[in-house]
Amino acid sequence: MSHIALRDYQAQAQYIKFEQWHIGCFSPVPLLVTSSHDKPVVIDKPVVLFLHGFPSASYDWHYQWQALRHSHICIGMDFLGFGISDKPYPHQYTLQQQTDAVCVLLEHMKAIGIEACHVVAHDYGVSVAQELVARSQSPALVNDQQPELNVAIPVQFQSVSFLNGGLFAALHKPLFTQKLLKSSLGPIAVKLMNKRALHQSFMSIFGPNTPPSPTLINDLWQLLIVHDGRRVIPSVLQYIDERAVFAQRWQDALVNSKIPLAFINGIYDPISGQHMLDEFIRLLPNAKTFALDVGHYPQIEAPEAVTKALLECWT
């Protein structure tokens, strides 16, 4: 599959406003309706919303976007604190706030005529997708302690496909570097983080036969350092604790979901590989699952296999 140059990725961005910040979004159709005189947006293909992982950006999905560009409308966003989006500092980053940002994007999608979409999520985005599934079930999953979470989702979800991520908090196995950066030493340790350290970290989570390319590492590093992004990493990593707080809510959301669910798993991933897939199958025996001989980033390590699996999920 062809590679999208980083400069082209940045040039294609559209920005939506979330609270006081700007969120970089990607779509082949305009997401902003500025006037009643604007030419109507034609939605003539299935729509797919892609949610990326930590510490990268929607750039992770560029192989799938290229492969699906003639048959689907592929939409993505860089989460707050990631990629080309704003990276406020100091700031308390939360998965709930990221989900709110996705809902703003969904409102824009609704405004241009998108009534339904498929969702594909990886890593950090997996938790956001789980919260979206939970919110879509309101009032079935009413949260009395946090009523602000009982919010209607503006767009119908036709399916949700997960890639490697911490679907079940108790089984998630963060790297030592993640634990260090999340700790009280994080603000100091992050200053020592460089492209070589990123490469070493990625080598440890990719499959033995599918290592990350130097081009990929360089592109992800360039996206990470936009807006001085290293300094927000310790705050962003608090999502690991947030997963534990919402673990039961999100597991219940999956088990009770009427939305078709699927799990595409790189089984050699030490963070959320075969052990996560086994638990998913145990809890959701009727859901579609795909075991790939790769690591934590199936969409990059085995792009053709992931695209094929997604097409099967959507049929």
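## The second largest pocket

Which helix and which strand each supply at least two residues of the lining of the second largest pocket? In this predicted model, they are helix 2 (62-68) and strand 4 (73-77).

This pocket holds about 300 Å³ of space. Its lining is made of 15 residues, and S27, P28, W65, R69 and C74 are the ones nearest its centre.

## The largest pocket

Now for the largest pocket, with about 370 Å³ of space. Here 21 residues form the lining, with T177, Q178, L181, M193 and S201 lying nearest the centre.

The lining splits into 14 nonpolar residues, six polar ones and one charged.

Rolling a probe the size of a water molecule over the atoms shows where empty space is left. Searching the whole structure turns up one cavity of 30 Å³ or more. The largest cavity has about 70 Å³ of space.

Among the residues lining the largest cavity are F54, P55, K87, L224 and V236. Seven of its lining residues are nonpolar, four are polar and one is charged.

## A look at L216

L216 sits in helix 8 (residues 214-225). Is L216 buried or exposed? Its relative accessibility is 5%, so L216 counts as buried, the cut-off being under 20%.

Leaving aside residues up to four places away in sequence, L216 touches F206 and I300. L216 and I300 are 84 residues apart along the chain, yet their C-alpha atoms are separated by 9.1 Å.

Methods
Residues numbered from 1 in each chain as written. Predicted model: local features only at pLDDT ≥ 70, side-chain atom pairs only at ≥ 80, totals over all residues. Heavy atoms only, no water. Helix = DSSP H or I, 4+ residues; strand = E, 2+ residues; numbered from the N terminus. Buried < 20%, exposed > 50% of the residue type's maximum accessible area, 1.4 Å probe, protein only. Contact = heavy atoms within 4.5 Å. 1 Å grid on protein atoms, 1.4 Å probe; cavity = no way out; pocket = protein on both sides within 12 Å on 5 of 7 lines; lining within 4 Å. Points joined across faces, edges and corners; volume = space filled by probe spheres on them. Nonpolar A, V, L, I, M, F, W, Y, C, P; charged D, E, K, R; others polar.
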